[in-house]
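Hi,

Here is the structure I said I would pass on.

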Amino acid sequence: MLKIKRIYRYSESFKQQVLEELSQGIYSANELQRRYGIKGSTTIACWARKSGNFNLIPKTIRVETPQEKDEIAALKLEIKRLKMSIADIVTDRVIAESTLEVICEQQGLDIEDVKKKAGSILASKPYKKVRK
């Protein structure tokens with residue numbers, strides 16, 4: 001069954017009336033939304049922003065301890081390091097696959113057969129860590 005989405009359009013005079021009531025402090029944005037049946041939780045804030053009444057938009061203030069700031073900075077650095085590691089691993093894999101393709105082509109081997117044979121050999125032998 002096809003669901004029809006309704007689009008609500010409000011007149012400029014209605015928007016101004018709502019913003020006027022909000023600026024007078026008669027009602028909060030949530031109360032005005034319920035009172036007039038305005039859809040969307042950020043609709044009134046968008047109207048205020050478009051009309052230049054930035055003082056009507058509630059502001060979020062975040063208070064952090066120095067320890068929290070340090071933790072956030074450390075986590076951001078860790079994310080950056082992990083992204084770089086992933087990029088290195090992907091690059092190494094592409095290089096290895098390209099090298100395998102070239103070798104198989106030079107030796108006249110089917111790459112899929114080589115991969116299957118290598119996979120079965122690796123699966124049958126216990127993995128040993130190589131020291132560098």
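Once you skip the neighbours within four places in sequence, alanine 29 is in contact with Leu22 and Ile44. This is a predicted model, by the way, so please read everything here as computed from it. Alanine 29 sits in helix 2, which covers residues 29-36. Its relative accessible area comes out at 30%, so alanine 29 counts as partly exposed: the buried class is for values under 20%, and the exposed class for values over 50%.

I also checked how alanine 29 and lysine 83 are placed. They are 54 residues apart in sequence, and in space their C-alpha atoms are 41 Å apart.

Next, lysine 15. You'll find this residue in helix 1, residues 12-24. Is lysine 15 buried or exposed? Its relative accessible area is 19%, so lysine 15 is buried, given that the cut-off is under 20%. With the neighbours within four places in sequence left aside, lysine 15 is in contact with Tyr10 and Trp47.

Valine 94 has 45% relative accessibility, so it goes down as partly exposed.

That's what I have for now.

Cheers

How values were computed. Residues are numbered from 1 along each chain as its sequence is written. This is a predicted model: local features need pLDDT of at least 70, side-chain atom pairs count only at pLDDT 80 or more; totals for chains, interfaces and linings use all residues. Side-chain values use heavy atoms; hydrogens and water are left out. Helices (H or I, at least four residues) and strands (E, at least two) are DSSP runs, numbered from the N terminus. Buried means under 20% relative accessible area, exposed over 50%, partly exposed in between (1.4 Å probe, protein chains only). Contact means heavy atoms within 4.5 Å.
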